[in-house]
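Here is a short walk through a protein model, from a loop to a ligand and on to a core. Please keep the viewer open as you read.

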Amino acid sequence: MSSLTAPSLPTCLKARGHALDLSPEKFGFLATYNDALHDPEELRRRLQEEGYLYLPGFFDRSLIEDARRSLTDRLSAQGLLHPDRNPYDGIAHPDPARRTVFKSDLTENNEAIDRVVFGPEIFGFYESFFGEAVRAFDFKWLRAIGPGLGTQAHCDWVYMSRGTPNLLTCWIPYADVPLEVGGLMMLERSHLQAARIKNYLDSDVDAYCENRPRDVALAQEGKFIHQGWLSERSDTLPAKFNTRWLTAPEWKMGDLLTFNMTMIHGSLDNQTDCIRLSSDTRYQRASEPADERWIGAKPLGHSTAGKRGRIC
Ligand SMILES: O=C(O)CCC(=O)C(=O)O
Ligand SMILES: [Fe+2]
């Protein structure tokens, strides 16, 4: 395992508007695992130990650049980019009403994105990791995080727990992302403290109480029963879990980060006018059950059809 040399940190990094403690006990950088890329047993061991695998430069950069172009062209066509700037630069439209956050529609019928997230490199990697044929969720999560707040701290399990727990998220940036633009952060070894957040991990954002009128109304409208955040205050979590937030000194196009379902993660706020583009997609053994909300030509997702009622 090797760590990148620490860059000089910006004076202030925020999550959901709150400054993070950047002291070395509370904040640091992800270890890189490229040395074990062709040693699946070692990768499995490290994933178990650390909860994530960070592989800088995993993809050929040109594949990611093509995918980026497909995204910025679509954002531009939707009037969401700065009208006076080159679309490929991904500069947000100055009108705050056009701020983007979650933009999975950009991935529909998008060959350049499919080439990355369903391509031979990524499938080869997961097949080697799992030791057998794998499948991906058909649904693709795409973030186009404009200037402002990043993603709240959460574990992915609460959104996708109806299939195998042996499920991995793959986070891929379609931009070079310096710390001020705000990429993903992992709460170091938080998967080893999963017992502490058992009630949270047992929740399912699409489960509702049939005997609670508020829940029924939300379910019928296809809205979240609860949002699935572990905390709005990422800044408080290193002290609570006695650990650190880890991120990359600068995410680069070509990087891949994969992590397990109980790893606590969130993202930094975006302090610039550049939109941060990234996808998160999911991979598992093809032989194991898959969460029905995320597979098929038109995944149910969190819609009414994806809700599950019970008497509470
Ligand atoms: O990119 C983000 O801000 C959040 C991504 C995320 O939650 C994930 O990859 O599971
Ligand atoms: Fe997530």
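Helices (H or I, at least four residues) and strands (E, at least two) are DSSP runs, numbered from the N terminus. This is a predicted model, in which local features need pLDDT of at least 70, side-chain atom pairs count only at pLDDT 80 or more, and totals for chains, interfaces and linings use all residues. Residues are numbered from 1 along each chain as its sequence is written, while chains are lettered from A and ligands numbered from 1 in the order in which they are written.

Let's begin with W229, which sits in the loop between α6 (213-220) and α7 (237-241). A residue is buried if 20 or more other C-beta atoms lie within 10 Å of its own, exposed if 12 or fewer, and partly exposed in between, with C-beta atoms placed from the backbone. Leaving out residues up to four places away in sequence, W229 touches Q152, A153 and H154 (C-beta atoms within 7 Å).

Now turn to ligand 1. Around it are R143, I145, G150, T151, D156, T169, W171, L184, H265, S267, S278 and D280 (C-beta atom within 6 Å of the ligand). Two or more of these residues come from each of β8 (141-145), β9, β16 (265-267) and β17 (276-285).

Of its 74 residues, Y52, Y174 and M186 touch the most other members. Strand β9 (residues 167-173) gives the largest share, five residues.

Definitions and conventions:
Core = buried A, V, L, I, M, F, W, Y, C linked by C-beta atoms within 7 Å. Contact = placed C-beta atoms within 7 Å.
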